[in-house]
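Q: I'm new to this structure and would like to learn how to read it. Could you walk me through it feature by feature?

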Amino acid sequence: MGVRCFVLILALMAPVPAVAEEDGLSLMERGAQMLMEGLLQEMEPALDGLQGMAEEFGPALRDFTSQMGPALRGLLEDVEDWSVYHPPEMLENGDIIIRRRAPVEDAPQTDPDAQIDI
């Protein structure tokens, strides 16, 4: 998937074909074309590195998703509402816990008709 995104970015950033110059580009169009060409030249080393990284980590990421995907899917199916849980915490021993928030019934009740002093 990473390589496909890379190819899509390159396709979108490709310079306007030379045929358009025959029609006579306006000064703004030519400036935009030059800007895009300059950006592509500046970004080329970073995009090459991104493609190399995608090729390097691709197999490991596929292995991770094939092993963890079913477990995460099961977890998502088991938990109906994530808003009733606090963010995960890592304990000193390395365990990760997800605490359930206090139920709504335990929350202090306020009187909706009460006056507020301002």
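A: Take Phe64: its relative accessibility is 47%, so Phe64 counts as partly exposed. This is a predicted model, where local features need pLDDT of at least 70, side-chain atom pairs count only at pLDDT 80 or more, and totals for chains, interfaces and linings use all residues. Residues are numbered from 1 along each chain as its sequence is written, and side-chain values use heavy atoms, with hydrogens and water left out.

Q: How many residues does the protein have, and what percentage of them count as buried?
A: There are 118 residues, and 8% of them count as buried.

Q: What secondary structure does the protein have?
A: Helices (H or I, at least four residues) and strands (E, at least two) are DSSP runs, numbered from the N terminus. Here you'll find three helices and two strands, in the order α-α-α-β-β along the sequence. Our friend Phe64 sits in helix 3 (residues 27–78).

Q: Which element has the lowest mean pLDDT, and which the highest?
A: pLDDT is the predictor's confidence in each residue, from 0 to 100. Helix 2 (residues 19–22) has the lowest mean, 48, while strand 1 has the highest, 92. For the protein, the mean is 76, with 70% of residues reaching 70 or more.

Q: Which residues form the nonpolar patch on the surface?
A: Patches are made of residues with over 30% relative accessible area and no salt bridge; like charges are joined within 9 Å, and nonpolar side chains (Val, Leu, Ile, Met, Phe, Trp, Tyr) within 5 Å. In this model, Leu61, Phe64, Met68, Leu72, Leu75, Leu76, Trp82 and Ile98 make up the patch, with about 760 Å² of accessible area together. Such areas come from the Shrake-Rupley method with a 1.4 Å probe; for residues, only the protein chains shown count as cover.

Q: How many salt bridges does a search of the whole structure find?
A: Side chains of opposite charge can pair when their charged atoms come close. A salt bridge is a side-chain nitrogen of Lys or Arg within 4 Å of a carboxyl oxygen of Asp or Glu. The search finds one: Glu89 with Arg99, whose closest N and O atoms are 3.0 Å apart. Glu89 is in strand 1 (residues 89–90) and Arg99 in the segment after strand 2 (96–97), so the pair ties together parts ten residues apart in sequence.

Q: Which residues does Met90 contact, leaving aside its neighbours within four places in sequence?
A: Contact means heavy atoms within 4.5 Å. Met90, in strand 1, touches Asp95 and Ile96 in that sense.

Technical notes
Buried < 20%, exposed > 50% of the residue type's maximum accessible area, 1.4 Å probe, protein only.
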